[in-house]
Amino acid sequence: MADLTTIAPAFVEMAHRIVWCTVATVDASGRPRSRILHPLWEWDGTTLTGWIATSPTPVKRAHLDNSPFASCNYWAPGHDTCVAECRASWAFDDETRTRVWDAFKNAPEPVGYDPAMIPVWTEPTAENFAALRLDPWRLRVFPGTVLLGQGGEVLTWQAPAGA
């Protein structure tokens with residue numbers, strides 16, 4: 001098991017290189033639903049936090065009301081994969097939404113983009129724009145070279161029980 005200071009930078013590098021991930025949530029009947037989203041990850045040397053700029057649709061809200069967890073799975077054609085299992089929480093306050101909007105707008109490509117390109121997101125405080133916070137409790141980074149027998153190391157981290 002890797003420590004967070006080892007795995008978090010490797011996770012962010014791979015996730016930001018791949019950009020798009022499959023995010024799964026669970027409905028009130030226990031059925032999963034997946035969608036493709038574009039998280040931005042922040043590592044401050046101690047804490048890893050993900051942010052998704054998204055519309056707070058009734059389905060997403062109902063799923064997270066039912067179970068406040070999301071699985072974020074990245075995959076690249078060279079078989080690099082990384083996964084973050086997270087607690088997910090909505091941020092509807094103007095300060096956080098503006099900070100997340102600016103973080104995406106100012107991040108380097110390929111993970112950075114101007115959120116205003118989405119027609120219903122006219123500004124960070126628009127009704128159809130929200131920030132979804134991701135707090136990982138488990139991470140896995142699996143370089144495709146391991147799968148193909150070309151070396152490398154699979155990294156796994158899990159938060160201590162009760163954390």
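These questions and answers cover strand pairing and backbone geometry in a predicted model.

The model is predicted: local features need pLDDT of at least 70, side-chain atom pairs count only at pLDDT 80 or more, and totals for chains, interfaces and linings use all residues. Residues are numbered from 1 along each chain as its sequence is written, and side-chain values use heavy atoms, without hydrogens and water.

Reader: Over how many bridges do β7 and β8 pair?
Author: Helices (H or I, at least four residues) and strands (E, at least two) are DSSP runs, numbered from the N terminus. Strands pair if DSSP finds at least two bridges between them. Strand β7 spans residues 130–142 and runs antiparallel to β8. The number of bridges is four.

Reader: Which residue of β8 stands opposite Arg138?
Author: Strand β8 covers residues 155–158. Its uncovered face holds Thr156 and Gln158. The residue opposite Arg138 is Gln158.

Reader: Is Val19 buried or exposed?
Author: Val19 lies in the loop between α1 (4–18) and β1 (21–26). Its phi is positive, about 80°, although Val19 is not a glycine. Buried means under 20% relative accessible area, exposed over 50%, partly exposed in between (1.4 Å probe, protein chains only). At a relative accessible area of 5%, Val19 is buried.

Reader: What is the relative accessibility of His79?
Author: His79 sits in the loop between β5 (69–75) and β6 (81–91). Its phi is positive, near 75°. His79 counts as partly exposed, because its relative accessibility is 33%.

Reader: Which residue does a cis peptide bond join to Glu109?
Author: Most peptide bonds are trans. Here omega is about 10°.
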